[in-house]
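I opened my notebook beside the model and worked through it topic by topic. My entries follow.

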Amino acid sequence: MMHALPLPNAPPDATPSDEFEVIVLTHHRDIHRYLRRMTGRVSEAEDLAQETFLRAYRAFAGLPPDTNHRSWLYTIATNAYRNHLRSERRRKTVHATVRVIRREVELDGPEARALAGEVASVIQTVICRLPLKQRLAFTMRKLEELDYESIGASLDCSAETARAHVFQALRKIRTILDGHATRRARRTS
Amino acid sequence: MTEPHTCTDYESDMIAAASGEAAPSATARVGRHLEACDGCRDEYMRYRALDTAVAELRATAVAPATDARERLLARLSDLRLRLVRYAVFSTPLGRLLIAATGHGIALVEYVGRRDGSDSWLFRQRRLELEADAPALERFHGELMDYLASRRTRLEWPLDFRFARSDFQRQVLRATTDVPYGAVSSYAGIARDIGRPSAVRAVAGALRHNPVPIVVPCHRIVGSSGALVGYSGSRIGLKEQLLGVEGVSVGHRHREAEIDRSKMYAWYRSERAYCLPTCGAISKQPIGAVTLFASAHEANSLGLAPCGDCRPDLHPLGA
């Protein structure tokens, strides 16, 4: 078990608080982006990222020394997001979320350009309609590039199950894209 | 492994292969199947296209969150000032709450309730409290060792932020210097901090010692040897703690006092320590002399046995 407090002989500037600051500097961008992808809103992402790191700071003292910080933070962020969903009861307005994502994407110039690929934009929309666990697993794996062990830890399931969620999401996206391509083909013909 | 028979059997491996997640053997197996099966090859190409589109999405620039990070760091430094971790432990002295900030142990408190909710901490509005026994377990363990006389020093990082004044911090620091098994007085501490007339103020400062046991205010008694007081009205605990360190306490007129006949004595201006029977040393007020329960502690301070009374030849309790 790691200790919360500096050992008597530790130099005063090597306090765990500074260690935590390094963790913030290293991972804040990723966590913020992940939450941004999940919520579709900059302001919510900021609030949830803040909540994630404040929670993490409180738990940091009792953390085993060999903890993978990145994976640990994604777990906290995922929980924060799921609690947020629950408390806001936003599930019923998934479509509203989709609209918000599109609006914000359009507002942020570079992003809109990057998303010019119609396929990517359709995928974005489809992801928002996935069941929550599939959406979380897909986002963590394919967009945030976490390993299945970490995703399993975040979703409180095995790595195998996490992988199954991701593959299920891929199948759904492919099917919907297929329909999309067919419709477009029909329009152009 | 034998080759699967139907296209469905290949599906999972194919999806994995299309996004570069498959093991080499599975990739080879899928490759062999795709050569033979047009339908699956088509399917595979779709998954490849999907993977490319997902990569594009992944690379999508998300506005850097620098401002958000600055705001977070500000919140964190505020939390860091206010966050106090605490835990309540059962000890031979009763329930003890130990609390720590990021700088060290800030509070050791005798509490009644198991959850510590009667602690002084819970009456402070500006603090954020976090019950965290694992983080404090090491201190609990060392404390238990101390109370079982398996350890003579508690070298803990201390944070005196709950002290009431700089004067009290001075008193606490001076008290920390009184070694294990030794006894000094309020007047002695007053002299140590250069305020010889502030005896009552020193007693007041120690009555509200935020970190008892670690800052050993139990080693500080009245000049006459009377135990005087401890953490409110817990004078029995003071006697118990002195007992742990081998200091014997007698009772006269229902009042507990140090039994000087069982302690070595040291004139603060000398380099030697004496038997209690040496000259008029037993008439000196505690504070002018420091008492030791064992010659070992006196020796470890670098003091020599007195050449007249020879405590080395006639040890106490022999």
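**Cysteines.** I looked up B:Cys217 and found it buried, at 6% relative accessibility. My cut-offs: buried is under 20% relative accessible area, exposed is over 50%, and partly exposed lies in between (1.4 Å probe, protein chains only). B:Cys7 is partly exposed, at 37%. Is the sulfur of B:Cys7 close enough to the closest cysteine sulfur for a bond, or too far? It is too far, because the closest cysteine sulfur, in B:Cys40, is 3.5 Å away. I counted a disulfide as a pair of cysteine sulfur atoms within 2.5 Å. By that rule I have zero disulfides over all chains.

**Ground rules and confidence.** This is a predicted model, where local features need pLDDT of at least 70 and side-chain atom pairs count only at pLDDT 80 or more, while totals for chains, interfaces and linings use all residues. Residues are numbered from 1 along each chain as its sequence is written, chains are lettered from A and ligands numbered from 1 in the order in which they are written, and side-chain values use heavy atoms, with hydrogens and water left out. I noted ipTM 0.73 and pTM 0.70 for the model. pLDDT is the predictor's confidence in each residue, from 0 to 100. Chain B averages 91, and 98% of its residues score at least 70. Within chain B, helix 6 (residues 166-176) has the highest confidence, at 97. Strand 7 (residues 249-252) of chain B has the lowest, at a mean of 88.

**Sheet in chain B.** I took helices (H or I, at least four residues) and strands (E, at least two) as DSSP runs, numbered from the N terminus. Two strands pair if DSSP finds at least two bridges between them. In chain B, four strands make an open sheet of mixed pairing, in the order 6-5-11-9. Strand 6 (220-221) and strand 9 (264-267) of chain B are the edges; each has a single partner strand, so one side of each lacks a neighbour in the sheet. Strand 9 of chain B runs antiparallel to strand 11 (residues 289-292) of chain B, and four bridges join them. I traced B:Tyr264 to its bridge partner in strand 11 of chain B, B:Phe292.

**Chain A.** I found nine helices and zero strands in chain A. Of its 189 residues, 50% are buried. A contact means heavy atoms within 4.5 Å. Among contacts in chain A between residues at least 6 apart in sequence, 67% join residues at least 24 apart.

**Interface.** B:Glu21, B:Leu57 and B:Arg80 supply 15% of the area that chain B buries against chain A, more than any other three residues. I also found nine salt bridges across the interface of chain B and chain A. The rule wants a side-chain nitrogen of Lys or Arg within 4 Å of a carboxyl oxygen of Asp or Glu. One of them joins B:Glu11 to A:Arg171, with the closest N and O atoms 2.9 Å apart.

**Positive phi.** Most residues other than glycine have a negative phi. B:Ser149 has a positive phi, near 60 degrees. B:Ser149 sits in the loop between helix 5 (133-147) and helix 6 of chain B, and is partly exposed at 42%. B:His253 also has a positive phi, of about 50 degrees. B:His253 lies in the loop between strand 7 and strand 8 (255-258) of chain B, and is exposed at 74%.

How values were computed
Buried area = accessible area lost by both parts, 1.4 Å probe.
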